[in-house]
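Subject: Structure handover

Hello,

I am passing this structure on to you.

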Amino acid sequence: MPPQSILRGQLLAAAVALGLSTSLSATAALADQEPCIGNSAAVTGPAAFSGQAIKMGAEIAIEEINAAGGVLGKKLRLIQYDDAGAPPRGVDNTRRIALADKCIAVLGGFHSTVALAQVDPVHEIGIPYMGVWAANTKAIENGRDPNFMFRVSAKDKWVARFLVDEALKVSKTGKVAFFYENTGWGNGALPDVKAALAAKGKELVAAETFNWNDQDMSPQVIRARDAGADVVIVWSLDREANQILRSMDKASWKPAIVGAWGISGNLGELAGPLANGVRVMQTYSFLTPQSEAGKKLLAAVEARTGIKDPKDIKAPSGIANSYDAVYVLADAIKIAGSFDWKKVQQALYQVSRDGLVAPYKPAFDKADPERQDAILPQYYLLTVWHDGKLIPLKGSPYDK
Amino acid sequence: MTTVVQYILSGLAIGGIYALVALGFHIMWSSAKAVNFAHGDTLMIGGLLAVYLLAAGLPLGLACLVAVAAGGLFGLVLERIAVRPFLSQQGSVGWMLTTIAVGIMVESFATIQTQGYARPLPSPGVVSSVHILGAGIYPQELVIPLVAVVAMLGLRALQRHTLVGRAMRAVAHNKNAAALMGINVNAVVAFSFALAGLLGAAAGVLVAPVVQASAAMGVLPGLKGFAVAIIGGITSAPGVVITGLVYGVMEKFVEGYISTAAREIIGFSLMILTLLVFPQGLFGKREVMKV
C-alpha cells in the first residue's frame, strides 16, 4: 500500500472512531447528570436586582446543603446564566443548562415572559424547572402531563384573589380600578383580577395599561378617577408605579393602592412620601419575627451584602423563594436517590418540609394541577411602604 | 376642559424633552451630516451622574452643572473616536454602528452600576404640583418646554452673532468650501457634538426629577427625539422644536381618548405618512447631495 493511502486509511479509521466515541459519549451524557442547578435570570438589564437576589438565595442554600454533606455524597453547584429578561436567551440558557452543563434542574428568574417561553424547551428536554419569582399563572399551570414546571413563588391567580380581598376590605364604594403593565406579566394578570372580582360579584370600573419607561400616566389616572374608583390594584414595577403615584398627585386624587410585588423594590425611595400607605404583596419579609432558619439566612445575607439594617435588604421575597426552592430540589434529589431528571420530577411530589417562606407539606400535589405551586396563598404577606421602607402591614401605622 | 388642559400641559412636558433631544440631532446633522445615535444616552449620563454626584456630597446645583458638562465631554469624545474616523470616507455609514455600540456599552455600564434600579433626583420643582385651570402639573415639567424654546433661540443667536456659530453654518452649507475659507472643519464638528451633548445632558438633568434617573431613561426619548427630528425636518431648528412639542401633546391625546397601547402605533404611523407627503420633513429644506 502506498504511503498516501495508508495515511488516508488511518484518517478514515480515526474519523470513524471519533464519531463512535462522540455518539457514545452523547448517550452517556443524557444518562449522567451533574450535581448542579442552572439558573437563568436577569443578571443585567433593568431588573438586574432580581437576578442578584435569586443568585444570593440559591448560593446561600447550596453552601448550607454542602456544609451538611451535599446531595448523594456530592457537592451541589450553581451555574448562573443571564437572560436579561429576554425570552430567546432564556430558552437558549435552558438548553445549555440541560444539554451542555447536564444540570439536574433549571431555576427560574424574574420575568414571566421568559418563564412562558421556557415551558416548551423544558418539556422537550424533560428537565425539571423550578420557578422562584415570575408569577404568571399559565407558565406553571400549562396543561401538560407530566408537568416539569414547578414553582416556589407566588402565582398571579392567587395573588389576584389576595389583592382583591384586600382592595375590597379598604374600599368604601367597592369601585376598584386596575393598572397593569403592558407585558406578559401584566396582561396575564388581567383575567386573574377580573375573575377574582367576579367571584365577589364585582367588576373593574377601569382597566388601564401602560408601557415600561412611560413618563406620565395622567390620561390613565384621569380615566380611573372619573370612573369613581377609590382603590387601585397595581401590577407594575417600581419605576412606573412612581409615575402612577405622581400622576395621581397631580390629578389631586388619593385612592388606596394595593400592588403585586413588582413595586417592592425602591418605590419608597422614588416616590418619597407619596408611597406611604401603598400596600404590597410579598412572600417574605425579614422584618417579621424570624425563625431560626430565617435568622441564619439573614446573617448570611448581611455578611454577603454588608447591609446592617434588614429594612435595607431589597427583594427579600426573591432571596427567600430561591433559598427555599433549592432546598426543595435537594430534598427531591435525595428522595429520588439519583440526579435523573424524570426521577427528580417524580420525587418533587413527595417532598415534605418546613420551609422558610411556608410549610411545604407536601410541596406539590400530583393530583391537583393547581398545586405545582408550593407557596399557598394563606402564606402570602401584606406589607406597606412607610417612609421609604417596606414594612409588614401588621402593626404598621396603616393597620386599622 | 380640565382634562384637555391636563393633556396639553403633560404633553408639552414630554414634548419638551423630545424637542431638546431633536435639537441635539439637528445640531450634529447640520455640521457633520452624521449624528450620534447614542444621543439618548447623554440624557442618562446627565441624569444619573447628577444623582451620583449629589450622593457624593456635591450641592445640587453644582452636581447638575458637572453632569451637564460631562454630557458635553461625552459628545466630544464620541465624535473623535466613533464618528470622525468614518466621515473621511465617502458614503461610509460606520458611524451608525459605532455610535449605537457606544450607546449600548454606556447603558450596560449604567445598568451594572444601578443594578437596574431607577434613582430619584430631588428638585424643588417636584415638591408639589401647581394647578392651572384645574389641571395639575409639576413646575419642573413646565420648565422643560420653556428650556427647549430658549435653547432653540439661543442656538439661533449663536449661529448669527458669534464666529463659531457662523463657522457652524458655513460647514453645514458646504464643508469643502468652508475648509478652503480657513475654517477648521474638524473643530467645528467636534464643537457641534459637544454642544449637542450639553443639551442632551441638560435635558436628562431636567427630566430626571420627574421620571427618575435610570440606565434606560434615555432609550425612548432618544428614539422619539430622532423621529421628531426627521418629521420636523432635521435641517430646521425651529421645525424640530415645534414638532417635538406637538408630538408630545398628540401622544397625550391619543393616550387619553383612544388608548395607551395605541400611542406608538398611531404616532409612528403619522410619522411615516408625514414623511411620504413631506420627504424632507415638515420644516426641512431640500438638501442637494453632490456625488
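The notes below go through the sheets, the domains and the contact between the chains.

This is a predicted model, in which local features need pLDDT of at least 70 and side-chain atom pairs count only at pLDDT 80 or more, while totals for chains, interfaces and linings use all residues. Residues are numbered from 1 along each chain as its sequence is written, chains are lettered from A and ligands numbered from 1 in the order in which they are written, and side-chain values use heavy atoms, with hydrogens and water left out.

Domains of chain A

Chain A is divided into domain 1 (36-154 + 291-364) and domain 2 (157-282 + 382-392); the bounds come from an automatic or database domain assignment. The centres of domain 1 of chain A and domain 2 of chain A, taken over C-alpha atoms, are 28 Å apart. In the contact (heavy atoms within 4.5 Å), domain 1 of chain A takes part with 18 residues and domain 2 of chain A with 17 residues.

The two domains of chain A bury about 1,400 Å² between them, and carbon and sulfur atoms give 61% of this. Buried area here is the accessible area (1.4 Å probe) that two parts lose on being put together, summed over both.

Two salt bridges are found across the interface of domain 1 of chain A and domain 2 of chain A; a salt bridge is a side-chain nitrogen of Lys or Arg within 4 Å of a carboxyl oxygen of Asp or Glu. There are also six residue pairs in polar contact between domain 1 of chain A and domain 2 of chain A, with both residues at pLDDT 80 or more. A polar contact is a pair of N or O atoms within 3.5 Å; within protein, one must be able to donate a hydrogen and the other to accept it, and residues adjacent in sequence count only if both atoms are side-chain atoms. On the side of domain 1 of chain A that touches domain 2 of chain A, the elements giving two or more residues are helix 4 and helix 12 (316-336) of chain A. Helix 12 of chain A has the largest share of that side, three residues.

The five-stranded sheet

Five strands of chain A form an open sheet in the order 2-1-3-4-5, with parallel pairing. Strand 2 (77-82) and strand 5 (149-151) of chain A are at the edges with a single partner strand each, so one side of each has no neighbour in the sheet. On average, neighbouring strands of this sheet are turned by 25° against each other, direction ignored. Helices (H or I, at least four residues) and strands (E, at least two) are DSSP runs, numbered from the N terminus, and two strands pair if DSSP finds at least two bridges between them.

Strand 1 (residues 36-41) of chain A pairs with strand 2 of chain A in the parallel sense over six bridges. One of the residues involved is C36(A), whose bridge partner in strand 2 of chain A is R77(A).

Helix 2 (residues 48-67) of chain A lies across strand 1, strand 2 and strand 3 (105-107) of chain A, at about 170° to strand 2 of chain A. Helix 4 (residues 112-125) of chain A also packs on the sheet and touches strand 1, strand 3, strand 4 (129-131) and strand 5 of chain A; its direction makes about 135° with that of strand 5 of chain A. Axes are lines fitted to C-alpha atoms, for helices over the stretch in contact, and angles run from 0 to 180 degrees between N-to-C directions.

The seven-stranded sheet

Chain A has an open sheet of seven strands in the order 7-6-8-9-10-13-14, with mixed pairing. Strand 7 (204-210) and strand 14 (389-392) of chain A are its edge strands, each pairing on one side only. Strand 8 (residues 231-235) and strand 9 (residues 256-259) of chain A pair in the parallel sense over four bridges, and V231(A) has A256(A) as its bridge partner in strand 9 of chain A.

Chain B against chain A

Chain B gives 34 residues to the contact and chain A gives 32 residues. The buried area between chain B and chain A is about 2,800 Å², with 49% from carbon and sulfur atoms. In chain B, Y117(B), Y138(B) and T260(B) lose the most area to chain A, together 21% of what that side buries.

Four salt bridges are counted between chain B and chain A. K252(B) and D216(A) meet through their side chains in a salt bridge (3.0 Å, N to O).

Regards
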